[in-house]
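Trainee: I would like a close look at one part of this model, and I would rather have a single connected account than a list of values. Please give the cut-offs as you go.

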Amino acid sequence: MSERSDSGSTQRIDLHSHSTCSDGTTSVHELFAQARAAGLDALALTDHDTVAGWPDLPAAVAASGVTAVPGIEVSSEDQSRSVHVLAFLVDPSEDSELAAEMARARASRIERARRMVELISADHPVTWEDVTAQVAGDTTVIGRPHIADALVAAGVVPDRSAAFTEVLRPSGPYYVPYYAPSPLDAVRAIREAGGVSVLAHPGSVTRDDDLPLELLEQMVQAGLDGLEVDHREHGGTETARLGEFARRHDLLITGGSDFHGTGKPNRLGEHLTAPHVLEEIEARATSGTRVLRP
Ligand code: AMP
Ligand code: FE
Ligand code: FE
Ligand code: ZN
């Protein structure tokens, strides 16, 4: 984007990453060590539906010298379509609507994963124990990536990506949905928790048909703050289209790698966010949660 300077002196800010607290493969500590090695100045930790990694951030920042933006990637669902909303700088306390919705989603994810494994086990040699064996000690959110890892370990598929295309795809015979709030409720809950909401990889939501544009407009009306325009799932045309939508609706534009460790090809820092956007996120947040600087 034009706001991003190529001078090299600009801060390198990546606002989307995962740790072993959800479906990433690196601990929070290791994630920030790798962020430093990747030359990042700031990184947002945005595990799916949990703040479990947040307590590790102060030490990770101190050890790495990389600024941390506490975040979450909140799951929501619209007519069987999975819609992810990044939540930055929310109040992490457990009595919010946001916390309640995420707790419900996490519980539903476990039931859903068990059911999927039951269905898969009719055709492939994989058990629930094989899946839990793939889950790191600090994982609080079970997702299809963990089932994918069990399928890899059993030799059914070569890697996570193959597991997703061959066994775990939503149109396949083993897919089971899990509970998640509507995108509008997610946006409202994030705002109520004092945070800033950014629709994650909107291209994967709007690609297939035209209803989602209407959904996007509704999310804006519900208080959506921004769009993650710069993301590897967007081609050039999509990036331009989403950027135009964002400017027309006066939305913040972010970029992030969506790093999942070795679980995905995404590399830290492959997409970045302009420094003035992070400043605006900080200015908008009304919770006590702040960006953590070394
Ligand atoms: P779930 O939320 O359990 O339905 O799983 C969705 C998660 O799977 C996303 O957050 C991605 O991190 C991951 N994922 C989706 N597609 C792929 C893929 N092709 N390869 C690896 N991970 C994927
Ligand atoms: Fe993920
Ligand atoms: Fe996502
Ligand atoms: Zn993500």
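Which of the 15 residues around ligand 1 come nearest?

Mentor: The model is predicted, and local features need pLDDT of at least 70, side-chain atom pairs count only at pLDDT 80 or more, and totals for chains, interfaces and linings use all residues. Residues are numbered from 1 along each chain as its sequence is written, chains are lettered from A and ligands numbered from 1 in the order in which they are written, and side-chain values use heavy atoms, with hydrogens and water left out.

His-48, Arg-112, Arg-144, Phe-164 and His-260 come nearest among the 15 residues around ligand 1, where a residue is near if one of its heavy atoms lies within 4 Å. Some of the surroundings are polar contacts (pairs of N or O atoms within 3.5 Å). The side chain of His-48 places a polar atom 2.9 Å from an oxygen atom of ligand 1. For Asp-23, an N or O atom of the side chain is 3.2 Å from an oxygen atom of ligand 1. The corresponding value for Tyr-178 is 3.4 Å.

His-48, Asp-23 and His-260 lead on to the metals. The iron ion (ligand 2) is coordinated by Asp-23 (OD), His-48 (NE2) and His-260 (NE2), at 2.1 to 2.2 Å. Donors here are N, O and S atoms within 2.8 Å of the metal (3.2 Å for Na, K and Ca), and since water is not among the atoms, sites may look incomplete. Along the chain the spacing of these donors is D-x24-H-x211-H. His-48 lies in strand E2 (residues 42-48) and His-260 in the loop between strand E7 (252-255) and helix H11 (275-284), so the pair ties together parts 212 residues apart in sequence; helices (at least four residues) and strands (at least two) are DSSP runs, numbered from the N terminus. His-48 is buried, with a relative accessible area of 8%, and His-260 is buried at 3%. Buried means under 20% relative accessible area, exposed over 50%, and partly exposed in between, with a 1.4 Å probe and protein chains only.

The iron ion (ligand 2) is 4.5 Å from the zinc ion (ligand 4) and 5.5 Å from the iron ion (ligand 3). The zinc ion (ligand 4) has His-16 (NE2), His-18 (NE2), Glu-73 (OE) and Asp-258 (OD) as protein donors, lying 2.1 Å from it. The arrangement of these 4 donor atoms is irregular because they subtend angles of 80 to 171°.

Glu-73 sits in strand E3 (residues 67-78), and His-201 in the loop between strand E5 (196-199) and helix H8 (203-206), 128 residues apart.

Methods
Four donors count as tetrahedral if all angles lie between 85 and 135 degrees; four count as square planar and six as octahedral if opposite donors are over 155 degrees apart and all others between 65 and 115; anything else is irregular. A polar contact is a pair of N or O atoms within 3.5 Å; within protein, one must be able to donate a hydrogen and the other to accept it, and residues adjacent in sequence count only if both atoms are side-chain atoms.
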